[in-house]
Amino acid sequence: MPRHLTVSPDGRRVLFVRTGSGTDPVGRLWQYEDGTERLLADPALLVGAGPGAVPEEERLRRERARERSVGVVSYATDAAVRLAAFALSGALWAVRTDGGAPFPVPAAGPVVDPRPSPDGRHIAYVTGRCLHVVDMAGGDRQLARAESPDVSYGLPEYVAAESMQRLRGYWWAPDSDRLLVARVDTSRVARRYLADPADPAKPPRVIAYPAAGTPNAEVGAYLVALDGERVEVAWDRTAYEYLVDAGWDAHGPFLAVQSRDQRTLRTLAVDPVTGATEVRHERTDPAWVELVPGTPARTASGALVVPEDAGDTRYLTVGGRRVTPEGLQLREVLGVEGETVLFTASEDPLETHVWRHEPEQGNQRLSRGPGRYAGVARGGTVVLAGSTPDGAEVSVVRAAEGAGAPAAIASFAEEPVLAPRPVHLTLGARQLRGTLFLPSWHREGAEKLPVLVDPYGGPGMQKVGRTRDWFVCVSQWFAEQGFAVLAVDGRGTPGRGPAWEKTIHGDQLTPALEDQVDALQAAAAQCGDLDLTRVGIRGWSFGGYLAAGAVLHRPDVFHAAVAGAPPTDMRLYDSHWKERYLGHPEEHPENYARSSLTGDGHLLRRPLLLVHGLADDNVAVAHTLRFSAELLAAGRPHSVLPLSGATHAPADAVNEQLLYAQRDFLRDALRRNTDED
């Protein structure tokens, strides 16, 4: 489907990236204008843009963003959206959106994250961990040179990209004369070595990975002029070591910085001359301050746009005033134009909609149908991108065109080979949101079906919603194999307010597992065809952790599990993500013991399949290997499926075969459970 949407200042043009089909991985850059699409850049048509080595930093950026395509995977534009820049296999390319073919731009080395200046006269990029600027009229300058192999300029560190959703490391000033640049020093960070057991002659890949309780990267920031002169930005980096976000608008540069315990988040205004900072806003929370994408931001008048948690509502505030009502949960700030704020929020946890706040008119919901929506707006045009029960859709609404039907930008997303048949349920005393999938051929009352609980169940993701996302199709596929499939979002998942999210503080396992058990029993009470003597559970990442924990701690309920990439030892996971929920391991070791699966391997009584990619740098394969060794030492039979060369997001071909492997394992395990009974 169309992605990476950008609207021109006059609202007439929309840029986007789209592949040729659901099986074509090559991204192309397009422009939509007056109902017509025009191809701006097709990698297959660019001379000298054939396959080449992708810089390691760019490969990591794509992995952090879970990017699966090739070709034009991202781009950036000047303020007028007249010049777009992108990288192809390390080469720098640009195209003018008012006509003409894409053209290569000479660069000093393999290019990462190119971004034009607002006036379109320059393009900044990172190469070899150094920040460069190339003039469109000719000439390349190195603005910030990495002093050692442990230092980089203009790139996010591991936890910023993986756990804070900050994929950028530099920001242009509106006048195009300077940049705000992050400097990262990983010399204190512990190293991990990811080898490829299938190729023992290949040297391991080394990554700087700050596990919970270990030193983080040292992150600073500089104001860098085009002549190379730079001024350091000063703040208490000991007390606030996390650079959560940054930017530079008409009111000057700003930072969002967070304390190591994540209970305090400050917005700092930066003096563009001296680099001195001043606190403009502070958020605190006794558990943790949740990061809301797109914040902080400022309106044209300088009003600060930030979230505020109060009771069980996450509000949007503008200029210190709450502008959204109780019960409407802020999800993300999409952008600010003038005094207008575009944001997403949920009234119902099953849906996410795009809203517009204007000081005089208040709040207006822009997306209408059921689903989860995001969008962009500029110059009187709103582009809405949604995942709906019928699939992906992107619509363009221009204010000048009145109340007429919105135009559509074509989506080439594949139609699934089967039609999902979700039944949405509200379950138990906590009103848990769940979705039940039954086989299309099943007739009510005809037979009892084995149950497959199919959760994620953790922070950062919802599996239950009025959408047709890929995981909805996967749940229906398992249903067609003869299971009643139940997906449930329990405590700790987003969309139901801060109190709901923070119930898991100090214990990530017990509430999540309790909710899966309660929901399963409530679903069986509503649907008599669920056979609770044959219950399997599967999941990936946090879902895999939850699946393994289910057969360890509730073998009376769950009779088999498939655990994909499970984080079994919470001390092995990264600092920012894990300390958010469990605190520092030296200060709260009991939280890590309570939430980890390691140490409980002797409890296993049910069939368990552990699946893990050997190249996973998010949840290291050590989680599975150490847990397997513990199970073996305790005499607990289990199965391990290693995926050679696979990361935390395995390739499609691997995932396809994994479906069959999981199905066969669960069928056999649940059949044996019935035979034993």
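**Strands, cover and overall build**

Reply: Strand β26 (residues 304-310) is paired with β25 in the antiparallel sense, over two bridges. Two strands count as a pair if DSSP finds at least two bridges between them. Strands (E, at least two residues) and helices (H or I, at least four) are DSSP runs, numbered from the N terminus.

Me: Before we continue, what sort of model is this?
Reply: It is a predicted model, in which local features need pLDDT of at least 70 and side-chain atom pairs count only at pLDDT 80 or more, while totals for chains, interfaces and linings use all residues. Residues are numbered from 1 along each chain as its sequence is written, and side-chain values use heavy atoms, with hydrogens and water left out.

Me: Back to β26, then. Which residue is the bridge partner of alanine 297 there?
Reply: Alanine 297 has valine 305 as its bridge partner in β26.

Me: And what is the strand order of the open sheet?
Reply: The order is β25-β26-β27-β28, an open sheet of four strands with antiparallel pairing. β25 (297-298) and β28 (321-322) each have a single partner strand and stand at the edges, so one side of each is left without a neighbour in the sheet.

Me: Let us move to β12. How many of its residues are buried?
Reply: Six of the six residues in β12 are buried, so the strand is mostly covered, where buried means under 20% relative accessible area, exposed over 50% and partly exposed in between (1.4 Å probe, protein chains only). Cys130, His132 and Val134 lie on one side, and Leu131, Val133 and Asp135 on the other; both faces are covered.

Me: Which strands pair with β12?
Reply: Strand β11 (residues 122-127) pairs with β12 in the antiparallel sense over six bridges, with histidine 122 opposite aspartate 135. Strand β13 (residues 140-144) also pairs with β12 in the antiparallel sense, over four bridges. Arginine 141 in β13 is the bridge partner of valine 133.

Me: What do the turns of those hairpins look like?
Reply: Two residues separate the strands in the hairpin of β11 and β12, where glycine 128 takes a positive phi near 55 degrees. The hairpin of β12 and β13 has four residues between its strands, and glycine 138 in that turn has a positive phi of about 120 degrees.

Me: Now β23 and β24. How many bridges are there?
Reply: Strand β23 (residues 264-270) and strand β24 (residues 277-284) pair over seven bridges in the antiparallel sense. Threonine 264 stands opposite threonine 284 in β24. Six residues lie between the two strands of this hairpin, and glycine 275 in the turn has a positive phi of about 80 degrees.

Me: Finally, the whole chain. How many helices and strands does it have?
Reply: The chain has 10 helices and 44 strands. Its radius of gyration, taken over C-alpha atoms, is 25 Å, close to the 26 Å of the globule rule for 677 residues, so the chain is as compact as a globular protein of that length. That rule is 2.2 Å times the number of residues to the power 0.38.

Me: What does the C-alpha trace span, and what share of residues is buried?
Reply: The trace spans about 80 × 60 × 55 Å along its principal axes, and 57% of the 677 residues are buried. Of the contacts between residues at least 6 apart in sequence, 59% join residues at least 24 apart.

Methods. Contact = heavy atoms within 4.5 Å.
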